[in-house]
Every structure is written in structure tokens, then in C-alpha cells.
There are 2 protein chains.
Amino acid sequence: MMRRTAFFISDSTGITAENLGRTLLTQFEFLEFNHSALRFINTSDRAESARRLIERAAEQDGHPPLVFSTLLDSATRATLQTAHCVYLDLFETFINRLEHELGVCSQPVRGHSHGLTDHEHYFSRMDAINYTLSHDDGCAVAHLDEADIIMLGVSRTGKTPTCLYLSLHYGVRAANFPITEDDLDEMRLPKVLLPRRTKLFGLTTEPQRLQKIRQERLPNSRYASLKQCEYEVRQAEALYRKFGIPCLSTTLISIEEIAATIVDMVGMECSRSLPTAAPLYSN
Amino acid sequence: MMRRTAFFISDSTGITAENLGRTLLTQFEFLEFNHSALRFINTSDRAESARRLIERAAEQDGHPPLVFSTLLDSATRATLQTAHCVYLDLFETFINRLEHELGVCSQPVRGHSHGLTDHEHYFSRMDAINYTLSHDDGCAVAHLDEADIIMLGVSRTGKTPTCLYLSLHYGVRAANFPITEDDLDEMRLPKVLLPRRTKLFGLTTEPQRLQKIRQERLPNSRYASLKQCEYEVRQAEALYRKFGIPCLSTTLISIEEIAATIVDMVGMECSRSLPTAAPLYSN
């Protein structure tokens, strides 16, 4: 099968170029691509090195590489466009259209989307991460009222990664609370959660998958038995129903999808959504 | 000032649409935009609701909203394109060009970039998160050899968020090790790190900023004094130089930039870079 190389080239983090480039390539997934991210291409030397890498890939593949670029500097772009490649400018097309529609010229500013812009917003994301880390697994209930969301679920349903993703990406202060077997037996919510019911969100998963995951952790334990997993999942789901807690199965969806679905379901976005950035811990 | 609304519309997580759309708008940051993400627009009902939201914004603003769309379904797209808006199709332009260049037709698959695709790759990211969480602040040295990178820095230089970002996004197993005052006084590395010197990476920051951050934590303490911050930063930087440890100042750059720079500097990417996803904890 023909194998081609795809380059994602940027003068900054490359997040935007990789993101759209990879998404576009998923529409051709019957083809094979080598992926290569070239970040911080912001000097003529680095542009020249990038150009040589593209030329080398063109020779090796016997086909011109695909270059997904978000470069803004015209000299740098010109250097790369001389390479034997398919140059896809992820910015220019839309910038021209936007300038036309808005009736103004753009002011090219490099790396602004994931760089230093909105300090206050960025600080709230860093703050959310710290909050989430210190409210993992119900280990701190003192500031539970400051949570935007309190994630419930039996052990190993993905509460922690989901909470981290919510805080890192959406600036959501996500606490995370385990449901104990006593709670499940009695079909009750931990007392501390009762006054905070509107903030609860439940995760669940298929018992078979849960068993597999737990089996890796504690092989052949009661904890990892299918019977136990089935019991816990059934009870947890019944508990969510009993208390009207919105819930999501993590069996077949990725952490990106879980987080976006939660943000969508509970309407936590707008001002807080997505990375615009500033220094760590700024204020 | 004219205020316009920008919609980021997707049939899945909306990550790609938001990412490129927001990046494009940063080039017009002298204008004001309301941002609105409409995710999981994957039924005719949801498309119709989205259309109505766009129409309402058009009326309120007195200008057609900008619509950044990654919708693939032609019926859904058609519904939205009837709205009074500037419809920017982030896919179509490039898909057509790619089809032409590759000489094949694409196979539209919804939400694949941040959905369920490469299970093994996704599992390694989830695994990296768990690794990073259990190797935060030097609290576990048992599996330090499994680290891809060991982050050093004095207290509050941003080690933890950086490690979490590296693991969540790049699947990098990032451990995190505090430098104690004794280490700084003696200008030595903790013993456990000596055989792992090639994996070390240092973070640093300006003493004034460090003081501000520490002041919030422990007001008027020795820990938060400018003198102490200056001493620790100077010593840590000298330590990095002494042992030839690559290092980065986090003062003026965002967590996205820090992580991308580290990945770039130590060449940790390729197969592991960036989100393609599958269920949490799959295998």
C-alpha cells in the first residue's frame, strides 16, 4: 500500500495544525500515513530544517508529503512552499474569507490561541486543576461547595481522568466521589452529598469491561469478580435513577467525548470553555 | 463596537471546530465576539435547534454570525446553511483538495478524531495519566524507571499541571520530583535521580512571580519571602547547569506551550503524540 507522510507545521505549539490535520486524515483512514509534528518553526533556520525533512520524506515515500500548516510568517511559509509537497494552509483560506466578511484586515499574532492571552481565564483553569487534584476520590469535603460538578461512580469507571480533563480543558472545578459498597447496599447517597444533589453526575460502564480493568489491578480478587462488578454497576445505576442524577456510560466513548458530553449536558461552558492561555499560576 | 457571535458547530466533541475557529478569531482580536459551542449536532432536531440559535443571534447582533463547522452529514449542513450566517466549512475545502491530491474519495466517519479509534494508543494515554498521578511530587520512586521524563523544580513552578498535560495529551509518563532545600544548599541531585539523569527536565520561573504564588498559599511565610524565592530559583538553575539538565522558564508561557516545548526538546512524540481515542481503560 502507498504510504505517505503528513507533516503538521506550526510556529507555536502545533495544537491547531495537528488537531485539524489529524481529523482530516481520519476521513482517509484506509490509507496509511506517517505523522510528524514540526513545532515552533519560527526562525529561518528551523524553516530550512523543516524544508529538508519534507524533501527527504518526499524522496523516501516516492510521493509528495501532505503539509498541514498554520504558519503565519510569509518568509517561513515561502521556504516551506518551495519543498516538494502538498501545502495545505489551514489559516489563509479562512482568514481571507473572514477579512472579506468582517470588512477589516486581520492582525497576525503568532501562537495566540494557545499562548499568552487571557490571564484571568487561564488562571481559572490552573485553579480548577488544583481544585480537582485536591478533591480526588472524596479525600477533601471541606470545599465541596466550590465544585462545579461532583463526579460519582464505582471504583475504576474513569472518574479521575474525566475530572482532570474537565479541569484542564474547560476550567471546570470537578470533584470526584467514590460510592462505597455500604452506600450501594443501602441505596443511599453519602450524607455530605445530599445538599449538593444538583451538582452530581454519575459515570457507569459495562460490568464485563469493569471486571477486565479491575482484574489488571487486583487479579482474582472479590473486587475484580464479574459478580461483584455486576452488582455494583446495577446498584449504582439504580441509585442514579432514584436520585435523578444525570449519568453517562464510559464503555464506548473516549475521555474527550465524555468531557464534552458532560459540559454539554450540564451547560457548563461559555466563558470558561477551552484553552486561551497565560503563564502558570498568573493572576 | 460591533459585536458578533461566533458559533463552533460539530457532530461530535467540537474540539476541532473550537480549536481552529478560536485560533482564527485571535487574528481579529480588536473585534469583540460572543463564543458559543454547539456540540453533538447529530440529529435533525438538534440541527433545527442550532439553526434557530443562529437566527436569534443574527437578529440580536444585527449581523450574520460566523459559523465554524466541522459537520459531515449533508442534511445537517444544509439545515444550518439556510440560516442567516457566514458558514465556514472547516472540512470541505481541505477534504476536496486531499481527495484530488490522493486520487481517492474520503469515507466520512463522524467524530473519529476524538472518538473511538486507536484503542492501544488511547490506553497508553490513560495509563500515562495513572502513572503521572501516582508519581506526583516524588511520592513513589518504585517505578521511576518507567518514566519517560522526570520533572524537577522548586515548589510551585508548575510541575504537576505540566506533567498532567504531558500525560493527558501526549501519553507521556511524566514523574515529578521536588528539589528540597538540602539539595539546593549542597548543590546535589537526590540520590535516586543520579542513575536517571538523561530523563530529567527542569522547570524554573522568575523569583517575583514565584513569591506572588507562594504568598497566596502561605502568606508572609519564609517560604513566600522574595529572598527565599530568589535563593531557590538561583540554586535550582545552577543545579540544572551543573548536571546539564535541559530547563525551561514557565514565567511567560502557557501550559500548552510548556508541554509542546518539552515534547519538542526531548523528542518524545511520533507514535504517541496527540489524542486519538477509545474507551477509558480499554485494552
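1. Start with the handedness in this predicted model: α2(A) and α3(A) cross in a right-handed sense. The residues doing the touching on the α2(A) side are Ala47(A), Glu48(A), Ala50(A), Arg51(A) and Ile54(A), and they meet Thr76(A), Thr79(A) and Leu80(A) of α3(A). Sort that contact by class and you get four nonpolar, two polar and two charged residues.

2. Now the geometry of that pair. Two packed helices are described by the angle between their axes and the distance between the axes. Here, helix α2 of chain A covers residues 44-61 and helix α3 of chain A covers residues 74-81, with an angle of about 20° and axes 9 Å apart. That angle makes α2(A) roughly parallel to α3(A), because anything under 35 degrees counts as roughly parallel.

3. On to charges. Side chains of opposite charge can pair when their charged atoms come close. How many salt bridges does the structure hold over all chains? The count is 34.

4. One to look at in chain B is the salt bridge between the side chains of Arg97(B) and Glu101(B), at 3.6 Å from N to O. Where do these two residues lie? Both are in helix α4 of chain B (residues 92-102), four residues apart, which is about one turn of the helix.

Note on methods: Residues numbered from 1 in each chain as written. Chains lettered and ligands numbered in written order. Predicted model: local features only at pLDDT ≥ 70, side-chain atom pairs only at ≥ 80, totals over all residues. Heavy atoms only, no water. Axes fitted to C-alpha atoms, helices over the stretch in contact; angles between N-to-C directions. Parallel < 35°, antiparallel > 145°, perpendicular 65-115°, else oblique. Left-handed = near helix turned anticlockwise from the far one by under 90°. Contact = heavy atoms within 4.5 Å. Nonpolar A, V, L, I, M, F, W, Y, C, P; charged D, E, K, R; others polar. Salt bridge = Lys/Arg side-chain N within 4 Å of Asp/Glu carboxyl O.
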